Every structure is written in structure tokens, then in C-alpha cells.
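Me: I am new to this structure and would like to know what stands behind the words used for it. Could you take me through them one at a time?

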Amino acid sequence: MIIDGKKEAEILRDEIKKEIISIKNKTNKVPGLSVILIGDLVPSQIYVRNKEKNSKEVGMNSNIIKYSKDVTEEEVLKKIKELNNDKNVSGILVQLPLPDQIGKEKIINSIDPSKDVDGFHPINVGNLASGYKAIVPCTPLGCLILIKKVEKNLSGKHAVIIGRSNLNGKPMAQLLLKENCTVTIVHTKTKNLKEECSKADILIAAAGKAKLVKKDWVKNGSIIIDVGINQEGDKIVGDVSFEEVKDKAKAVTPVPGGVGPMTIACLLKNTLECFKARLT
Ligand code: NAD
């Protein structure tokens, strides 16, 4: 089975759109997403444009705040403070990576945790790790939704995650622990990478290494989620050798068209949740 992330994202966006219409009819209010974009990195510009397009399509207000790459940290912090206090702003996102003069930690920590739609603020990270209600980073949230489309009950499954970033690997591990999986995180210093991966009922590849996962790395009948986005010539490929594993796995996500579309849909989901939390 090939997991169609595009279709699943469309389903999620439709649900979000319907909910926004229903709330708007009752309150005359809609969610607002503010995105801060610093510098002129092409991938960041593309991501932000997509986020804007998607949020408008579901009926949200979208506001992109652009700065040149030499903006001061102070100026960005001032803007975040303004957005934190703006009742029309439900969610705030600062597109990463940031230029050297801007401290990532300081920026993330300055966002009101209740508007932190990326789920990167330590309060949200801590709540997720404690098993409390939290805003969950969009990509792992999207991965979990896709996994659960294939298998509802994940209890007792052995999940292996390649990569330990704050963005992907670590929150993914927390989500799968909450689902009662036995979780292993592997990374660049792991010995016997292939052997560890081959034990996985659920394998999440989030290393950023083109076609790292080969046929003999995966277990028969496993669920494989490919988070990687890698440029190979003029093509975008994942961290998994899709053609090699697709007949061995029970289900696998393609790249493109797998996790990517779900990430943006989950950003909309998080923004809607933040908005709803402020309605009362
Ligand atoms: P990162 O560089 O912050 O982390 C990568 C992790 O993978 C590290 O923990 C590292 O130890 C591990 N790793 C790297 N090479 C490895 C190897 N050969 N063997 C074992 N472990 C290895 O990256 P990130 O921000 O977590 O992103 C990972 C990938 O996911 C990238 O390709 C990125 O573009 C992609 N990504 C996709 C989406 C999406 O929506 N699909 C969203 C975010 C990131």
C-alpha cells in the first residue's frame, strides 16, 4: 500500500475548512496565522508561500511579515511581542533557518506558547514529553495521522526513528510512546543502524540522507514513513529507497506526496486549535 499523503491532507484541510465556516457563522471570527520570514532562502520562500496559500484556502487570515537577512534580533523580538498581544493572531511561526545574528532559542522562547503553532516552545515540548495537552510539531503530527490510517492500534509495536532532531525525531518518539509503542531512536552515532531498522514494525526515516534506507533495512509487513526531502539531480527524493521497499512493506509514504502535504495541513490544524482555545 502506498500512503497517499496528498489525499489525506486534502481530507484534513476539508475538515478544517468546514469547522472554520461553522465557527465564523456563529462568531464572525476566523483564525489568523502570522508567519515571519527572514532573508531570501529559496526553500523558505517556497514553504512560506505554500503556508499562506493553504491557510487562505481554508478560510484563515494569513499575514506574512518579511525581513531582509540583516534584520536585528531586537526588531524581530519586538514584532513577536506585538503579535503575541494581537487578539486577531491565533498562531505565530518563524520560518527556520535564521541568519547568524538571530538566536533561534531566544526567538522560539519569545513566542507565546499558546500561539506556538510549530510546537517548538519549551513549554509545548515539555507538555508533550509529560503526556499533557501540547501543541505538537506539525511533521510528526502528520506522520502519526498517516500511520494511524494504516493501523489504528499501535500498542506494543516496535517503532524505530532515524534522526533525533527537535523538529522530527524527538517529538515523533514522544507521540509514539504515548501510543504505547516500544521506541528506538537511531542517529549518526548508532552502531548497527541497519540491524536496528530491520526490527521495526514502524520505521520513520528523518535523517535527510537520500535513499539511506534499503530493502534489507526493512522488516516484511512494516509501515514506513519517509520524512526526508533531498535533492538528487533535478528530483526530490526521500530517505528511503522507495522502489526497493515498496513491495516488502505493508505501507510506505512516497516522496513527494507523502509526509510533506500533511505537514502543512497539520500547521492549519494547530492554528485552528490555538484559535479555538482563545474563543471562550
Ligand atoms: P536534522 O539534520 O536536524 O536531523 C537529522 C537527524 O538525522 C540527526 O539527528 C542525525 O543524527 C540523523 N542522521 C543524519 N544522517 C544519518 C545517517 N546517515 N544515519 C543515521 N542517522 C542520521 O534534520 P531534520 O530537520 O530533522 O530533517 C530531516 C529531514 O526531514 C530532512 O531531509 C528535511 O528536509 C526533512 N523534513 C521534511 C519535512 C516534511 O514536511 N516532509 C519537514 C521537516 C523536515
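**What the words rest on**

Reply: Gladly, and let us begin with Lys-106, which counts as partly exposed because its relative accessibility is 49%. This is a predicted model, in which local features need pLDDT of at least 70, side-chain atom pairs count only at pLDDT 80 or more, and totals for chains, interfaces and linings use all residues. Residues are numbered from 1 along each chain as its sequence is written, and side-chain values use heavy atoms, with hydrogens and water left out.

Me: What makes Lys-106 and Glu-73 a salt bridge?

Reply: A salt bridge needs a side-chain nitrogen of Lys or Arg within 4 Å of a carboxyl oxygen of Asp or Glu. Here the N to O distance is 3.2 Å, and the side chains of Lys-106 and Glu-73 meet that condition. The pair links distant parts of the chain, with Lys-106 in helix H4 and Glu-73 in helix H3 (residues 73-84), 33 residues apart.

Me: How do you know what to call Glu-73, buried or exposed?

Reply: Glu-73 has a relative accessible area of 18%, so it is buried.

Me: What is a helix here, and which one holds both Lys-56 and Glu-52?

Reply: Helices (H or I, at least four residues) and strands (E, at least two) are DSSP runs, numbered from the N terminus. Lys-56 and Glu-52 both lie in helix H2, four residues apart, which is about one turn of the helix. They form a salt bridge, with the closest N and O atoms 3.4 Å apart. Lys-56 is partly exposed because its relative accessibility is 49%, and Glu-52 is partly exposed because its value is 24%.

Me: What does the salt bridge between Lys-194 and Asp-216 tie together?

Reply: The side chains of Lys-194 and Asp-216 meet at 3.2 Å, N to O. Lys-194 lies in helix H8 (residues 193-197) and Asp-216 in the loop between E6 and E7, so this pair ties together parts that are 22 residues apart in sequence. Lys-194 counts as partly exposed because its relative accessibility is 40%, and Asp-216 does so because its value is 44%.

Me: How many salt bridges does the structure hold?

Reply: The structure holds 16 salt bridges.

Me: What makes a residue part of the shell around the ligand, and how many residues surround the ligand?

Reply: A residue is near a molecule or strand if one of its heavy atoms lies within 4 Å of it. For the ligand, 22 residues surround it, and the closest are Arg-164, Ser-165, Asn-168, Ile-229 and Thr-263. The largest share of this shell, three residues, comes from helix H10 (residues 259-279).

Me: What makes the peptide bond between Leu-96 and Pro-97 one to point out?

Reply: Most residues other than glycine have a negative phi, and most peptide bonds are trans. The bond that joins Leu-96 and Pro-97 is cis, with omega about 0°. Pro-97 is found in the loop between strand E3 (91-94) and helix H4 (104-110). The bond from Val-255 to Pro-256 is cis too, with omega near -5°.

Me: And what is the phi of Lys-211?

Reply: Lys-211 is not a glycine, yet its phi is positive, at about 50°. Lys-211 lies in the loop between strand E6 (202-205) and strand E7 (223-226). With 31% relative accessibility, Lys-211 counts as partly exposed.

Me: Why is Ile-224 called buried?

Reply: The relative accessible area of Ile-224 is 0%, so buried is the word for it. Ile-224 lies in strand E7.

Technical notes
Buried means under 20% relative accessible area, exposed over 50%, partly exposed in between (1.4 Å probe, protein chains only).
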